[in-house]
Amino acid sequence: MRAKRLSIVLLVSLLVLGITTLGLAQEKILVFGNSGDVARLDPADVTDGESISRMDNIFEGLVEYEAGSTEIKPCLAESWDISEDGKEIVFHLRKGVKFHDGTDFNADAVVFSFERQYNPEHPYHQYGEWSYWGYMFSDIDRVEKIDDYTVKLVLSEPNASIMTSLAMFTACIVSPANAEKYKEDAFRHPCGTGPFKFVEWVKDDHITLEANENYWRERPKIDKLIFRVIPDPSARLLALEVGEIHGMEYPNPADFDRIKANPDLVLMSEPGMNIGYMAMNTGYGYVDANKNGVKDPDEPLEKTPGYFEPLTKKKVRQAINMAIDKEAIVRDIYMGTASVAKNGMPPFMLGYNDEIEDYPYDPEKAKELLAEAGYPDGFEVTLHVMPVSRPYMFDPPKIGEAIQSYLAAVGIKVNFYQVDWATYLQETEAGMHQMCLLGWTGDNGDPDNFLNVLYGLNACSIGTAGNYAFYTNEENQELLTKALRTYDVEKRAEYYKKAQELIHEDAGWVFLAHSNQNMVFRKNVEGFVLHPTSRMFFYPVDIK
Amino acid sequence: MKQYIIKRLLMLIPVLLGASILAFSLIHLAPGDPARTIAGEHASAQTIERIQIKYGLDKPLITQYWIWLKQALQGDFGRSIVSNEYVSKEILSRFPNTLELTLFSMFIAITVGVLAGIVSASRQYSLLDYGFMGVALFGVSMPVFWLGIMLMMVFGVFLRWLPISGRIDIMIPFTRITGLYLLDSIITGNWAAFISSLRHLILPSLALGTIPMATIARVTRSSMLEVLKQDFIRTERAKGLPERLVIYKHAVRNALIPVVTVIGLNFGLLLSGAILTETVFSWPGVGRYVVNAVQMRDYPAVQGCVLFFAFIFVVVNLITDIIYIYIDPRIKYQ
């Protein structure tokens, strides 16, 4: 009896004290806390931030971003030449680079990685959805091998944003030998040329990567990189505080003071590449019958299902812009973790028009404008309020409530409409809303990826709209298309500045905020640089 | 007896069929398009259409159901639209996590709950009785989410006794065989892993076990009280049997039927995933999986999970019914 009791006491104390330092102490292991698990591990077949952040450390593309910016520098391609007509780009590839499976990186791998995405006849096309290709790279007509270390990209139209797009995860180069080995299961066995090699994936729990000893640059400073899934933000912060993890994404803004007060933690904040806005349905869109993403002459404008007379009037939309106190929303609801937006894209991007003067917060003037537009007593309108928190909008219901009270002050009664997220997107893309809260996080860091996809006429297709105000200004679309076809940076910027003037004047949106991206690390983690695209490159990171 | 079990197992067929039809209609009635959710917010119309065709989402509902049913009858529950992985594999890879957590928390719940119930009943209206039942009332009404965070704060952050998230210390090398970490570490003789996974089990099990524990305690108490009033107990006391024997040998066994029913129900519930606990404690179980699947409108995954849960429920109920026989020999199934 005694012995039994003693052994119980021993067992319990063993449990309590635990055996904590069993791992090889000299190994540098970085554990990062993510909010969710990845869907797949093929860089060309992922669309969500979680999957992308793992890809960024296993794979590389022909070009890559400079640290912390969206400017492009050589990576797997050492240099490139663009032809006179802007339709051909020849890449000279880096020699001596090996994939994690030991095979050579060469022109065949580049052609394989791209062709499987755009060519339906390609034997590996069936193994993925390739969502981003049709959206970002549809101007690429084909990719040709010239010799073992030279490839040519042939475009159907000159496209000035293609170089930044090539730094996207979608354009990462995968090992053809690995794809052949695993076929339809290759998404579970990622194999690239990047600084870290894939080790294991325990679903909903963690993904382990290890340093690539044969990396073509200097070997990474950490030996292992582990992404752990801790879905609850409070639990994630607790895990960081006790040292179970070394860094985490998406901290709760409500916890920022607690983080700042903790000497062991560092809160990193940078302006994010995003925009949160309220769109007002101006009434008309088109049906993209041939699904080419462009409004063709034989696709006439028609009323959207959410057509609402007052919002078709420019003065009403301007009045709504003046009735909302954005400063207060950013200060109180974003809790200072964002900056007030006056244009539809963040300020650090090419062609941002800083000369535009934002609509002032002026309820009196708003009432006047409403009266001029024929609504002296206001009206009743419905607002679609997002059911989820997104990087560009942490707390949509609260923002909705703020807008509701601001608009009530000028006589406009706002009714809430809420529905689950998948339906929300479906309804707003079909133009069923009168007003809606939404936003955008940029893909590649090119202005085209904001202005053209969010505010262009081509994006007013009912059912698949990206332009949720259904702002159908043709002049604006012309400017945006011209800008996309121009490689001259100055000229491009001019087109974009002009376009932003039109967008501002016609006031289809109330641009609310660009929210910061935030990450928390333990103090001994050094070298992580927040990237505008929110991608996570752990290559330069070290643990002291 | 054997016939009875076979009959019960045969009844599984209409149950599963009904569950699948119900799940299928519900998830399809809910608006939202899975092709949309995998293609991402930024996808083109062509891409979405291609995905719809690939997964047969463009066909009429009845055809979709028929195709699914035909495959399911051959044991193929299809591939998840989101992860492209076989649904059966997705569920079975996560189920051991849920099973281990359930077993452990039910172990705590039953031991503590039954004991507390017995003690309370045998000393009705004593301080101990009020104490236990007060705690039980508190336990039933406590939100798991809050309880979980509190346990983490106290034992993980302030006292630093126990880890607060995950399944095992990931620095410890570990081989998965059955997916039940305690069992696997015993099989491989990996004691570091055994202790680590046991330590990781404690807080989530406490959080998850609290409500069943409280329910079990209350049911045990009331059932015991009823039994203690019966004639045979008076007879036993009258013939001078020690109170300890009266209670633990004779009364408890007679009071157990409703307790076993409650335990069975809770088992079935917990086995279909404890979403909140799994989220707070970063536990990679089936509960989190099915919620994600519903949110992403991952039709095959939702279908698979519902069928699986229905199956588990029926089997657990069957086992409960069989246990009745052993507790009360008067019960016979024809």
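Tutor: Domain bounds here come from an automatic or database domain assignment. On that basis chain B is divided into domain 1 (2–73) and domain 2 (93–327), and the C-alpha centres of domain 1 of chain B and domain 2 of chain B lie 32 Å apart. The model is a predicted one, in which local features need pLDDT of at least 70 and side-chain atom pairs count only at pLDDT 80 or more, while totals for chains, interfaces and linings use all residues. Residues are numbered from 1 along each chain as its sequence is written, and chains are lettered from A and ligands numbered from 1 in the order in which they are written.

With two residues taken to be in contact if their C-beta atoms, placed from the backbone, lie within 7 Å, the contact between these domains takes 14 residues from domain 1 of chain B and 12 residues from domain 2 of chain B. Helices (H or I, at least four residues) and strands (E, at least two) are DSSP runs, numbered from the N terminus. In these terms, the elements giving two or more residues to the side of domain 1 of chain B that touches domain 2 of chain B are α1 (2–29) and α2 (34–39) of chain B, and α1(B) provides the largest share of that side, nine residues. By class, that side of domain 1 of chain B holds nine nonpolar, three polar and two charged residues, where Ala, Val, Leu, Ile, Met, Phe, Trp, Tyr, Cys and Pro count as nonpolar, Asp, Glu, Lys and Arg as charged, and the others, Gly among them, as polar.

Chain B also meets chain A, with 45 residues of chain A in contact with 46 residues of chain B.
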